[in-house]
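Here are my notes on the fold, as numbered points. Have the structure open while you go through them.

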Amino acid sequence: MKIFVGLGNPGQKYTNNRHNIGSKVLEEIAFIESGGSWYEKFQSKIFEYRKVPEKILLIRPQTYMNNSGYAINAIKHFYKLNNSKIILFHDDLDLAPGKIKIKYDGGHGGHNGLRSIHQFIGNDYVRIRIGIGHPGDKEKVSNYVLSDFSITDKLWTEPLCTNIASGISYLIDNHYNEFLNHITLK
């Protein structure tokens, strides 16, 4: 079993925020995989499907970004998973818009969602960092991540989420370089 976690804040108010791009990726994966529906458990929205031989859970914590670790920890312990089975999608201010990087461990870089996760499960899980750019001023960060993507931003965010979702099989098989190549070629 593998779990893919998409960070974001719950509720319609936050749906199109930059901070919610991880959650948007999971919505796109669920759309492509279809054949199921989201249900609520462990203070998360969960979508379950099979990719032989793996059972896959898509997890969108509903605890708000700053408490994401609580929901992820509950799921991890219920299914008795080690952190190598967790792949997390999240926004990253330090990457240019649309840039993707994979990180296997390390610090939280000031990201409150990651900070919460590290408190509950540690930092040794796979992260798919999705660049949203930086507003240029540290004082503007909070408003920036909690603001909606512009119409111009949607020209890259929507195709990027689709491309990430179409390459999910590479992540299921732990082929991280192939996943990055797939995104780059798209």
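1. Start with Ile164: leaving aside residues up to four places away in sequence, Ile164 touches Val25, Phe89, Ile100, Ile130, Phe179 and Ile183. Bear in mind throughout that this is a predicted model.

2. Ile164 also shows up among the residues with the most contacts inside the largest nonpolar core, alongside Phe4, Leu58, Phe89, Ile128 and Leu171. That core has 32 residues in total. Helix α1 (residues 21-33) gives the largest share, five residues. Apart from this core lies another, of 16 residues, including Leu7, Leu81, Ile117 and Ile121.

3. Now the sheet. Seven strands form an open sheet with mixed pairing, in the order β2-β3-β4-β1-β5-β7-β6. The edges are β2 (39-41) and β6 (100-103); each has a single partner strand, so one side of each has no neighbour in the sheet. From one strand to the next, the twist averages 30°.

4. If you want a pair to click on, Tyr39 has Ile46 in β3 as its bridge partner.

5. Which strands does each helix lie across? For α2, they are β1 (2-6), β2, β3, β4 (54-61) and β5, with α2 running at about 155° to β4. For α7 (residues 176-185), they are β5, β6 and β7, and the angle to β6 is about 170°.

6. Next, the α5/α7 pair. The axes of α5 (residues 154-166) and α7 come within 9 Å and cross at roughly 145°, and the crossing is right-handed. On the α5 side the contact involves Leu160, Asn163, Ile164 and Ser166; they meet Phe179, His182 and Ile183 of α7. Sorted by class, that contact has four nonpolar residues, three polar and no charged ones. Phe179 and Ile183 are also on the list of residues that Ile164 touches, as in point 1.

7. Last, α3 (residues 112-121). What are its buried residues? They are Gly113, Leu114, Ser116, Ile117, His118 and Ile121. Ile117 and Ile121 are also named in the 16-residue core of point 2. The buried residues of α3 pack against α2 (68-78), β5 (86-92) and β7 (126-131). After α3 comes Gly122, with a positive phi near 95°.

Key:
Residues numbered from 1 in each chain as written. Predicted model: local features only at pLDDT ≥ 70, side-chain atom pairs only at ≥ 80, totals over all residues. Heavy atoms only, no water. Core = buried A, V, L, I, M, F, W, Y, C linked by side-chain atoms within 4.5 Å. Buried < 20%, exposed > 50% of the residue type's maximum accessible area, 1.4 Å probe, protein only. Helix = DSSP H or I, 4+ residues; strand = E, 2+ residues; numbered from the N terminus. Contact = heavy atoms within 4.5 Å. Pairing = 2+ DSSP bridges. Axes fitted to C-alpha atoms, helices over the stretch in contact; angles between N-to-C directions. Left-handed = near helix turned anticlockwise from the far one by under 90°. Nonpolar A, V, L, I, M, F, W, Y, C, P; charged D, E, K, R; others polar.
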